[in-house]
Amino acid sequence: MSTATATPIFPSFEQVYQGLAGQIGMLREMAPKPTKSDEKRLQGAVETLIEETNADEAVWLESCIHCGQCTNACHYFQATGEAKYAPMRKMDLYRRVYQREISPMRWWHRLITQPVKLSDFEQAKELIYDSCSECGRCTMVCPMGIDTASLVHHMRTAMVAAELVPPELAALRMEQKHQGTVFGSSPESLRKMVDTIREQAGIEIPIDKDRAEVMVLSSAVDLVANGNGLLATAKIMNHLGVDWTICSDGFESANFGLLSGDMSLWKKQVDPIIAAAQRVQAKILVIAECGHAYPALRWNPMLSSGGLPFEMMYMSEFLGKQAKAGKLHLTPFEGKVTFHDPCKTGRRGGAFDEPRAVLAAMDADLVEMPANKEYNWCCGGGAGIFLLEDATRLRDESFKIKIREVNETGAESVVVSCASCRLNFESGRQKNHWDKKVHSLVELVADHLIEDESAAKGQARGAAA
């Protein structure tokens, strides 16, 4: 049985946010400068888009009828009313490259359009990074089924070739690529954090076991600034009696290859995680509360579909399955609460019932936002945007949509299950002097565990009666 101390051993998330905000501000100074000539940068960007364009992309680029439905779904357009942020506009440069280089009518387009210049990619940078969180909400309403988020990702890959990645993402991309760390998180910092939790909280964390049924991932936020996420995860796994481990050679959820558009880094970051899970013969790989880590692993185009010997689950999915099976014994949550569905795990992944099953297990008075589940509004900070200084105005304005949605529920607090969402919520809460509390799902579960087994059984009997 765990013997967690009553006094917190890690700072509150409000304090964590302040510390991370300072580190994020320093990233611009660390960003690498372009190393290639403008001609090579342009050539690389164009060639990348040609290589990335297959049948799906060609159909999407040909299919837009400019109906404007996507503008109703985009939080950045709705927040600003500025036409350039319409999702369909974000593909203008990609479409131009496609039409001139590989479309069936390329001979005609070369006659009526100007050749693409590097300055065109520079101007598109704001649309590709600052004003698209790749949330997928526009695809939900597009009558042609155009997946704008996927097209934006291809454009980000071209931006990597053009050396036009925003400085914050560029700095973290290079750190992860060359040092294997994020904000300095490393195998050594993982071991140090595990030792701290063992010594100060009395919670056992099995690290680098030879065999385990469940392998858990962590994140840089936990290891560098917080620790509460890993502590909460350990409490829950031990409460469930799970045979689990965390591996020092494959633990980092964050993937700045995916966020920046660097496909080689995306694969480089994923490979050791997959290798570690296979080595320990895991049956389940649990992805930490890190929204973009979900597609980085679960929908990785570089992994053979159905070829892995283990199942991947997001943290909220894992907790939901345990709750549905009656294995999570939780005390009641007091007060009215609402849940924010992370775009990547919700709209893109369909994990809606699981986090709500967790809240139901603690008898939470859950009130849904007016737009929820598939149509939930993005918080505005996804796809790395919560890091970008140049995106501050767009991020802050779009978050006001979220504030209105939450306020309409009358809830006193919001539960999220994504570190990026949580950081953006905390930023919005502080900037707007918002009175709502913001909870991490995994930390909320850990705080409501019934450690007394007899009490848990009594509660279960009461619920059955």
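A: Before we start, Ala, Val, Leu, Ile, Met, Phe, Trp, Tyr, Cys and Pro count as nonpolar, Asp, Glu, Lys and Arg as charged, and the others, Gly among them, as polar. This is a predicted model, in which local features need pLDDT of at least 70 and side-chain atom pairs count only at pLDDT 80 or more, while totals for chains, interfaces and linings use all residues. Residues are numbered from 1 along each chain as its sequence is written, and side-chain values use heavy atoms, with hydrogens and water left out.

Q: OK, how many cavities of 30 Å³ or more are there?
A: The count comes to six, where a cavity is a set of points on a 1 Å grid over the protein atoms alone at which a 1.4 Å probe fits but cannot get out. The largest cavity has a volume of about 220 Å³, and of the 23 residues that line it, the closest to its centre are Ser219, Asp222, Gly229, Glu289 and Ala419; a lining residue has an atom within 4 Å of a point.

Q: And how do the residues of that lining divide?
A: The lining of the largest cavity holds twelve nonpolar, seven polar and four charged residues.

Q: Switching topic, what is the phi of phenylalanine 183?
A: Phenylalanine 183 has a positive phi of about 55°, although it is not a glycine.

Q: Is that phenylalanine 183 buried or exposed?
A: Phenylalanine 183 counts as buried because its relative accessibility is 18%, buried meaning under 20% relative accessible area with a 1.4 Å probe and protein chains only.

Q: What about the phi of glutamine 281?
A: Glutamine 281, also not a glycine, has a positive phi of about 60°.

Notes:
Buried < 20%, exposed > 50% of the residue type's maximum accessible area, 1.4 Å probe, protein only. 1 Å grid on protein atoms, 1.4 Å probe; cavity = no way out; pocket = protein on both sides within 12 Å on 5 of 7 lines; lining within 4 Å. Points joined across faces, edges and corners; volume = space filled by probe spheres on them.
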